[in-house]
Amino acid sequence: MTALESVIRPAVPADLNAVAEIFTHYVRHTVITFEETPPPPAVWQRRLDDLTAHGLPFMVAELSGDVVGYAYAAPWRSKPAYRHTVENSVYLAPDRTGQGLGTALLGALLTACGRTHVRQMIAVIADTGTDASLALHRRFGFTEVGRLTAVGYKHGRWIDTVLMQRSLGRAPDGEHPQLTVPL
């Protein structure tokens with residue numbers, strides 16, 4: 001199956017076991033996340049509740065009734081002045097990469113954020129030596145704005161993070177812009 005056959009929709013509580021399972025793979029086997037202990041579904045429920053309370057999207061990709069990926073936008077920092085800036089997260093089931101699902105999820109996330117108070121989106125990408133996440137974000141107009149060197153230590157090695165940023169902007173009258181999403 002491909003992204004064209006997927007359904008991208010808002011996450012619901014019934015999706016969170018699958019979300020937790022997807023994330024667990026990345027916690028245990030990669031340096032893509034700096035988490036070292038996989039959070040249980042109850043933590044994901046609190047995250048969904050918190051994002052919903054902030055008016056922020058949490059999306060899932062579904063294929064044949066199975067959740068195979070997710071994306072969400074979370075507050076960038078807790079200080080009030082950052083309230084219009086979010087950080088994105090996009091994760092796919094390990095057997096579903098390279099099928100266009102990341103593109104579908106990030107596109108849907110940007111569109112959903114474009115309907116909110118969000119003006120800036122930040123991506124914090126672990127430099128794993130592969131370019132897939134960087135390339136995905138570049139396709140959507142993110143630009144590299146910085147690198148933090150050796151800020152994470154996991155699985156016996158130091159990891160850099162690359163910071164990327166994309167403006168969602170607003171028209172001068174406060175209306176939300178039309179976002180262009182690459183196909």
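Which residues is Thr85 in contact with, leaving aside its neighbours within four places in sequence? In this predicted model, where local features need pLDDT of at least 70, side-chain atom pairs count only at pLDDT 80 or more and totals for chains, interfaces and linings use all residues, Thr85 is in contact with Ala74, Pro75, Trp76, Gln120 and Ile122. Contact denotes heavy atoms within 4.5 Å. Residues are numbered from 1 along each chain as its sequence is written, and side-chain values use heavy atoms, with hydrogens and water left out.

Thr85 belongs to strand 4 (residues 85–92); strands (E, at least two residues) and helices (H or I, at least four) are DSSP runs numbered from the N terminus. With a relative accessible area of 15%, Thr85 is buried, where buried means under 20% relative accessible area, exposed over 50% and partly exposed in between (1.4 Å probe, protein chains only). The C-alpha atoms of Thr85 and Gly102 lie 21 Å apart in space, at a separation of 17 residues in sequence.

The sheet is open and consists of seven strands in the order 1-2-3-4-5-7-6, with mixed pairing; two strands pair if DSSP finds at least two bridges between them. Strand 1 (7–10) and strand 6 (143–154) are the edge strands, each pairing on one side only. On average, neighbouring strands of this sheet are turned by 25° against each other, direction ignored. Helix 2 (residues 41–53) packs on the sheet and touches strand 2 (58–63) and strand 3 (66–75). The direction of helix 2 makes about 50° with that of strand 3, where axes are lines fitted to C-alpha atoms, for helices over the stretch in contact, and angles run from 0 to 180 degrees between N-to-C directions.

Strand 5 (residues 120–126) and strand 7 (residues 157–167) run antiparallel and are joined by seven bridges. Within strand 7, Gln165 stands opposite Ile122, and Gln165 also stands opposite Thr143. Strand 6 and strand 7 pair in the antiparallel sense over eight bridges. Their hairpin has two residues between the strands, and His155 takes a positive phi near 50° there.

Most residues other than glycine have a negative phi. Positive values near 50° are found for Ser64 and for Ala150. Ser64 is placed in the loop between strand 2 and strand 3 and is exposed, with a relative accessible area of 58%. Ala150, by contrast, is placed in strand 6 and counts as partly exposed at 34% relative accessibility.

The structure holds 11 aromatic pairs. Rings of Phe, Tyr and Trp (its six-membered ring) pair if their centres lie within 6.5 Å, and planes under 30 degrees apart count as stacked, over 60 as edge-to-face and the rest as tilted. Tyr70 and Tyr72 form a stacked pair, at 6.3 Å centre to centre and with 5° between the planes; both residues are buried. Tyr70 is also stacked with Tyr91, at 5.5 Å centre to centre and with 25° between the planes. Because Tyr70 lies in strand 3 and Tyr91 in strand 4, this pair ties together parts that are 21 residues apart in sequence. Tyr91, like Tyr70, is buried. Ring pairs link Phe23, Tyr26, Trp44, Phe58, Tyr70, Tyr72 and Tyr91 into a cluster.

Not counting residues up to four places away in sequence, Tyr70 touches Val19, Ile22, Phe23, Trp44, Phe58, Met59, Val60, Ser89, Val90, Tyr91 and Leu105. The largest nonpolar core has 46 residues, of which Val19, Trp44, Phe58, Tyr70, Met121 and Phe142 touch the most other members. Such a core is a set of buried Ala, Val, Leu, Ile, Met, Phe, Trp, Tyr and Cys residues joined through side-chain atoms within 4.5 Å.

Two arginines lie over tryptophan rings. The charged end of Arg47 sits over the ring of Trp44, 4.5 Å from its centre, and Arg77 lies over the face of Trp76, at 4.1 Å from the ring centre. A charge sits over a ring if NZ of Lys or CZ of Arg is within 6 Å of the ring centre and within 35 degrees of the ring normal.
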